[in-house]
Amino acid sequence: SPYFTIYDSTNGGERRMASGVAASYNFGPFKLVYGNLSEKVEGTVAKQDTEVMGVKIPLAQSLDFGYLKTRSDNKRGSGALTGTSFTQSGNRMLFTYGLSKRTTAYFAKGQVKYDGRILGSEFKTSIDALGIQHKF
């Protein structure tokens with residue numbers, strides 16, 4: 001199996017196990033990325049399966065564009081909604097600009113949609129971010 005164990009934890013009295021796989025391939029003018037993660041809670045029906053696909057495209061010498069599409073299928077394992085499912089799906093875009101070898105400016109925009117029995121309705125959230133990252 002190409003999956004590997006990311007963690008196996010018993011914090012909080014529950015045993016959580018996660019495994020996943022990730023890959024990327026540089027085609028020259030763009031780079032594709034893919035990832036898949038599964039998490040289960042032992043002794044319950046709780047589980048989460050997440051898939052991420054994206055692309056990174058250099059636009060100029062220091063400017064890159066990135067896009068990610070995500071989907072996460074979730075099943076609750078405790079409480080009044082045990083066994084019910086919901087899905088999170090989203091789209092995110094990111095522009096990065098290299099200011100120096102260790103400093104990058106970024107702008108990100110995204111949206112996540114929740115489907116299923118979350119408070120009895122579907123809803124969307126969005127994120128906008130603008131910042132500078134410096135690596136020490």
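Me: Is Phe30 buried, exposed or partly exposed?
Reply: Partly exposed. This is a predicted model, and Phe30 has a relative accessible area of 30%. Buried would need under 20%, exposed over 50%, so Phe30 falls in between.

Me: Where does Phe30 lie?
Reply: In a loop. The loop runs between β2 (16-26) and β3 (31-41).

Me: What does Phe30 touch, leaving out residues up to four places away in sequence?
Reply: Tyr25, Val55, Lys56 and Ile57.

Me: Take Val55. How many residues apart are Phe30 and Val55 in sequence, and how far apart in space?
Reply: 25 residues in sequence. In space, C-alpha to C-alpha, the pair is 6.8 Å apart.

Me: Back to Tyr25. Which residues make the nonpolar surface patch with Tyr25?
Reply: Phe27 and Leu32. With Tyr25, they make a patch of about 320 Å².

Me: And Leu32, where is that found?
Reply: In strand β3. Leu32 is partly exposed, at a relative accessible area of 37%.

Me: Switching to the whole chain. How many helices and strands?
Reply: Zero helices, eight strands.

Me: What radius of gyration does the chain have, and what would a compact globule have?
Reply: The chain has 18 Å. A compact globule of 136 residues would be near 14 Å. The C-alpha atoms fill a box of roughly 50 × 35 × 30 Å along the principal axes.

Me: How much of the chain is buried?
Reply: Buried residues make up 21% of the 136. The chain exposes about 9400 Å². Carbon and sulfur atoms supply 56% of that area.

Note on methods
Residues numbered from 1 in each chain as written. Predicted model: local features only at pLDDT ≥ 70, side-chain atom pairs only at ≥ 80, totals over all residues. Heavy atoms only, no water. Helix = DSSP H or I, 4+ residues; strand = E, 2+ residues; numbered from the N terminus. Buried < 20%, exposed > 50% of the residue type's maximum accessible area, 1.4 Å probe, protein only. Contact = heavy atoms within 4.5 Å. Patch = residues over 30% accessible without salt bridge, like charges linked within 9 Å, V, L, I, M, F, W, Y side chains within 5 Å. Areas by Shrake-Rupley, 256 points an atom, 1.4 Å probe, with all protein chains shown as cover. Salt bridge = Lys/Arg side-chain N within 4 Å of Asp/Glu carboxyl O. Rg over C-alpha atoms; globule rule 2.2 N^0.38 Å.
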